[in-house]
Number of protein chains: 2
Amino acid sequence: MTTERETATGLRLLAPQAGTSRRYQSPGYRAKLLLLGPPLRTAQLVHERISKRVALAVFSSDPISSTAYATEEMLLVLVAGGAGAVGLALPLAAAVAVLLLVLVLSYRQVIAAYPQGGGAYMVTRDNLGNLLASVCASALLVDYVLTVAVSVSAGTAALASAIHPLRFHRVEISAGFVILLAWGNLRGVRESGRIFAVPTYVYILSLGGVVCYGVFRVLTGDLGPIAYQPAEVAELAGAGTALGAVSLFLLLHAFAAGTTALTGVEAIADGVPAFRKPEARNAQRTLTAMALVMAFLFLGITYLAIRLGARPFDKGHPTLVAQVTAHVLGGGTGRALFLFVQVATLCILVLAANTAFNGFPVLASFAAKDGFMPRQLRKRGHRLVYSNGVIALAGGALFLVVAFRAEVHLLIPLYAIGVVTSFTLAQAGMTRHHLRVRQQGWRKGLAVNVFGASVTLVVLVIITLTKFTHGAWMVVVAVPVLVMLLRRTQRAYSSEVAELKVEATQRLAPPKPRHEVVVLIEDLDQAALAALQYARQLNPLHLVALHIAVDPDRARELGALWARVRIPVPLDVVDAPGRNLLATARTAIEELVRDDTEVTVVIPKRSFTGFWRRLLHDDSSAGLFRALGSLDGVNVTIVPFRLGRRARLRLVRAEG
Amino acid sequence: MTTERETATGLRLLAPQAGTSRRYQSPGYRAKLLLLGPPLRTAQLVHERISKRVALAVFSSDPISSTAYATEEMLLVLVAGGAGAVGLALPLAAAVAVLLLVLVLSYRQVIAAYPQGGGAYMVTRDNLGNLLASVCASALLVDYVLTVAVSVSAGTAALASAIHPLRFHRVEISAGFVILLAWGNLRGVRESGRIFAVPTYVYILSLGGVVCYGVFRVLTGDLGPIAYQPAEVAELAGAGTALGAVSLFLLLHAFAAGTTALTGVEAIADGVPAFRKPEARNAQRTLTAMALVMAFLFLGITYLAIRLGARPFDKGHPTLVAQVTAHVLGGGTGRALFLFVQVATLCILVLAANTAFNGFPVLASFAAKDGFMPRQLRKRGHRLVYSNGVIALAGGALFLVVAFRAEVHLLIPLYAIGVVTSFTLAQAGMTRHHLRVRQQGWRKGLAVNVFGASVTLVVLVIITLTKFTHGAWMVVVAVPVLVMLLRRTQRAYSSEVAELKVEATQRLAPPKPRHEVVVLIEDLDQAALAALQYARQLNPLHLVALHIAVDPDRARELGALWARVRIPVPLDVVDAPGRNLLATARTAIEELVRDDTEVTVVIPKRSFTGFWRRLLHDDSSAGLFRALGSLDGVNVTIVPFRLGRRARLRLVRAEG
């Protein structure tokens with residue numbers, strides 16, 4: 001039963017009774033129900049509006065969490081330059097903070113110009129055209145995958161720094177987190193900001209506390225440098241190069257390593273519509289607050305690391321932040337607090353990975369809407385999330401985690417290139433936007449964005465050059481390949497749209513003048529009779545039954561029975577000396593195709609209930625359907641005849 | 001183009017032009033062409049008539065080749081009884097020869113009664129009914145699989161006895177032979193008797209020569225017993241049991257081991273139609289000749305083995321026959337002759353395995369014709385052989401070769417039960433036949449077959465009991481399981497035939513009074529227009545377009561475009577809040593099904609040329625086809641629209 005109502009356009013809307021639509025469940029669907037829970041209704045799609053405080057937590061976990069590894073990555077580079085170089089970490093961290101300031105100013109412009117959200121991809125697409133939009137999408141997609149891989153690896157490292165035996169299972173643990181995140185996101189973790197706010201604030205407060213307490217103890221002379229055991233010293237990074245040289249390249253390389261802290265800064269600009277009104281204003285303020293928190297933590301950690309003489313270990317275990325934290329908090333109660341800080345670090349890093357699970361599928365769906373990516377990425381799944389995007393991201397991240405053994409310092413050289421590319425493109429796009437739109441105050445905006453674009457371009461060049469041989473080349477190869485794929489996809493879709501598009505001035509053509517119907521007959525059984533009865537319903541110009549004689553004896557028997565039952569449809573028998581049923585049927589049918597003729601091939605299909613019976617039959621109707629369905633201009637109809645369930649009364653006994 | 005001719009029954013026969021039927025080639029078909037060569041035409045199926053001399057070689061390789069291992073298997077049992085027991089090998093071999101005589105007499109009756117061939121299965125089916133026919137088929141099928149496994153293993157053992165390093169690769173070599181035989185048979189090794197005759201005669205003559213020369217040398221006192229090295233003595237079978245006891249069970253067990261020589265005796269009765277006229281008479285004479293040759297070789301080898309004190313090795317390497325042969329032929333030129341005999345032994349054993357590749361698929365096709373086995377076994381493949389039977393046999397034999405590590409003495413306990421079961425059933429069936437038909441001289445025939453049935457039944461009991469714990473239990477389990485499967489298959493098919501059968505008095509029913517056509521619309525594009533145009537061709541009572549609203553926004557857009565293009569077909573929109581396209585479509589369509597209504601669902605299918613484009617689309621038409629095709633009483637039509645190849649001109653511009 002359906003209820004029906006007329007609409008203004010003559011459109012009839014039917015709403016099926018609740019529940020009925022769930023009767024048909026394929027095995028795959030049943031597995032889905034088990035794993036993901038009942039399907040969500042489209043109407044359940046809600047957009048929560050969140051306060052600045054919550055927004056800070058939701059959108060900033062990615063950039064803020066990068067303070068857990070950025071200092072260590074800088075020092076890892078600097079140790080090659082000896083003790084003198086290590087001392088330069090603080091000015092370099094300050095340079096990164098300045099870069100952050102430039103980005104904040106630039107992105108405030110983006111937020112003002114694009115209050116509907118969308119970030120770098122939208123800005124690039126609207127202002128710089130298709131090619132650069134595909135570059136931006138590719139760069140961002142690569143970086144989202146890296147965000148997941150780096151964040152779960154760093155989170156696992158933080159946990160292992162407190163619980164040492166876990167360090168031998170970093171790959172498994174990291175992969176487990178990726179799978180857990182994918183599952184949670186496929187189930188549709190609702191964007192319930194309040195819960196997500198907890199780990200971010202816990203991290204900010206606990207690590208902020210460590211920084212304050214540490215700086216206080218250092219300044220009061222209460223805390224000496226970390227004393228490494230001789231065994232530990234051998235495992236420190238750069239242990240062999242006591243007297244390295246401080247070169248410009250080294251400094252630039254260290255700076256490039258520090259810029260990994262900047263990934264995720266664009267998240268707030270992407271999510272403007274989620275803010276309470278006035279959205280743009282609130283988003284701008286949150287962006288500024290985020291930058292301040294991040295700069296404080298990053299500079300604080302770096303300062304403490306240098307003052308305490310903390311050095312990164314070669315294998316990344318324990319982490320630099322863990323060393324500093326443990327040293328600052330000391331023994332006794334300090335040990336328990338240390339464990340707490342490490343768990344908080346793990347939590348915010350997993351949360352940071354989760355933001356990529358929010359960002360990637362949405363960006364992929366935008367790109368798919370623009371034809372850059374397969375249409376399947378636009379489809380909201382069972383639980384209203386873009387499931388295919390979630391799966392693609394999880395697959396990519398799992399690959400990276402396994403390939404790079406969940407080691408953060410191996411992944412870092414690949415990281416940040418994508419995001420800085422998108423920064424550059426966004427600022428360049430904004431420059432173009434100002435020149436085009438010339439809104440009030442555009443001159444100031446133009447200045448900010450030109451400056452931002454220049455700075456980020458320089459940073460991009462620095463990162464690419466200094467990290468190139470350490471792995472960045474992979475990204476330099478991957479992004480253009482991805483761009484090529486995206487553009488090829490777009491070409492395929494757009495030619496397709498052109499072919500399929502219906503203009504409002506077009507009208508439905510009348511039926512073709514001729515209709516030929518061919519019924520494919522294997523045996524003259526009840527299924528064949530049902531198909532013949534159906535075919536006569538179509539009232540065609542010509543109706544013919546066709547038998548492909550794979551076995552000549554059987555063809556003769558069929559002909560005899562055909563005459564005996566006096567079927568009023570002529571039977572054509574086509575010889576198939578090679579016993580290739582499909583090819584022969586194709587050849588025979590193909591001859592009927594003409595421009596003014598509609599050709600229908602009717603195939604009787606015997607359906608069997610139960611596994612055993614289905615096993616005993618190779619379904620020739622499926623093969624015929626595939627072989628004939630790929631012929632141009634041939635319509636294929638399957639007339640089912642179900643056995644074993646109930647007898648169908650299609651037959652009328654001879655009256656005479 | 002086709003040529004056409006009328007036949008008496010009003011049947012039109014069309015012969016497609018040569019070559020055209022091969023245009024459509026799926027990837028699987030192309031692989032077939034590469035592996036198996038071009039397809040053979042059904043007309044190329046020829047039945048060669050062969051002379052007695054060739055027939056002896058073609059049909060007897062299986063029983064005659066068993067002389068290569070039967071003596072060894074008997075001695076392997078007897079050594080447990082000590083030296084005294086071993087001396088009893090000759091009388092036991094004589095008992096087996098007597099049993100062979102009984103079988104020959106019995107099978108001469110079968111040949112006379114069933115000159116059309118078919119052997120034990122046909123006799124049982126015609127005289128003892130379905131249940132015992134399925135027992136006979138199961139027993140024979142199991143034994144065919146064992147024939148392949150035992151023969152290739154024994155052949156490999158014979159080869160390794162001459163070329164010792166090969167003994168470490170017996171599983172691989174045996175498996176290789178199985179695969180080679182399967183491939184050759186799938187390609188369709190023509191039954192060219194002359195070539196097949198060579199290995200059999202070479203074996204008969206060379207091993208016959210060894211026997212004659214050996215007996216001559218023994219009788220002239222020219223040849224002493226084999227002198228084993230101390231190291232070898234430790235590896236002889238039963239080396240530990242110097243003073244065993246000779247029990248009746250031991251003797252019966254040894255006799256049972258000897259009966260493996262009898263497998264394949266029925267081959268001549270199966271192949272009567274292949275003989276020159278008078279077929280029955282020639283077949284009977286060939287049967288007798290085969291029995292004489294076999295008895296001579298078997299008794300001769302056994303006699304020599306005992307006189308020369310040959311003992312089987314525990315690991316079956318080198319074989320007993322190889323020991324005897326090498327000892328008789330001696331060194332020098334004898335070594336070369338020895339190698340020759342071993343290769344001849346390998347050849348006849350591989351040939352014996354090949355007879356199973358002829359027998360199994362034919363028997364399976366008979367059983368399939370009677371509904372006992374899946375219909376696919378009736379289908380002649382690419383090269384006119386029953387390919388599915390060949391594959392099933394090869395699979396089974398490979399499994400046995402690997403599971404039993406290609407060791408003959410592990411396989412032997414499983415062997416012969418099946419064939420002796422079929423002997424018993426055939427003789428029992430013949431008894432019934434004589435009582436029923438009472439042809440001239442039936443009393444004599446009855447006596448022979450009653451005697452034969454009794455003897456083989458006793459032998460069957462002996463074999464089953466004595467070998468039960470050594471592995472025969474597997475066959476005792478496998479055969480009933482197989483019987484159950486066969487009978488279940490037959491039940492499924494026969495209920496199906498009853499449901500599908502068309503009586504000569506039936507007539508084709510007139511079309512149903514009502515025809516509802518539903519066009520499933522995803523987008524209003526050219527593909528949808530083509531489907532709508534086609535649907536109007538069908539001239540139904542009601543024509544409606546149906547859209548499943550997975551995405552409400554898209555449904556609204558569709559409705560607006562529908563009104564703008566003024567499609568003269570009403571559009572129903574069904575809400576799918578769970579976004580389950582298939583289930584919702586099923587529910588909506590199911591409501592239309594009524595007994596007096598023919599329902600046609602028209603699905604537009606966008607077909608894409610090229611891998612890239614196909615990748616970019618998940619074909620929803622395929623899923624809809626599956627979901628709707630399984631609904632009773634719903635006919636599903638696919639209207640194809642091909643993109644990327646050429647624009648189809650289905651549309652006429654608005655005339656107004």
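Q: Is Arg566(B) buried or exposed?
A: In this predicted model, local features need pLDDT of at least 70, side-chain atom pairs count only at pLDDT 80 or more, and totals for chains, interfaces and linings use all residues. Arg566(B) has a relative accessible area of 58%. Buried means under 20% relative accessible area, exposed over 50%, and partly exposed in between (1.4 Å probe, protein chains only). Arg566(B) is therefore exposed.

Q: Where is Arg566(B) found?
A: Although Arg566(B) is not a glycine, its phi is positive, at about 55°. Helices (H or I, at least four residues) and strands (E, at least two) are DSSP runs, numbered from the N terminus. Arg566(B) is found in the chain B loop between α21 (552-565) and β6 (571-575).

Q: What is the relative accessibility of Arg438(A)?
A: Arg438(A), not a glycine, has a positive phi of about 50°. Its place is the loop between α17 (417-437) and α18 (442-467) of chain A. Arg438(A) counts as partly exposed, with a relative accessibility of 48%.

Q: Which omega does the cis peptide bond from His317(A) to Pro318(A) have?
A: Most peptide bonds are trans. Pro318(A) lies in the loop between α12 (279-307) and α13 (320-329) of chain A. The bond from His317(A) to Pro318(A) is cis, with omega near -5°.

Q: What is the omega of the peptide bond from Lys277(B) to Pro278(B)?
A: Residues are numbered from 1 along each chain as its sequence is written. In chain B, Pro278(B) is in the loop between α11 (267-270) and α12 (279-307). The bond from Lys277(B) to Pro278(B) is cis, and its omega is near -10°.

Key: Chains are lettered from A and ligands numbered from 1 in the order in which they are written. Side-chain values use heavy atoms; hydrogens and water are left out.
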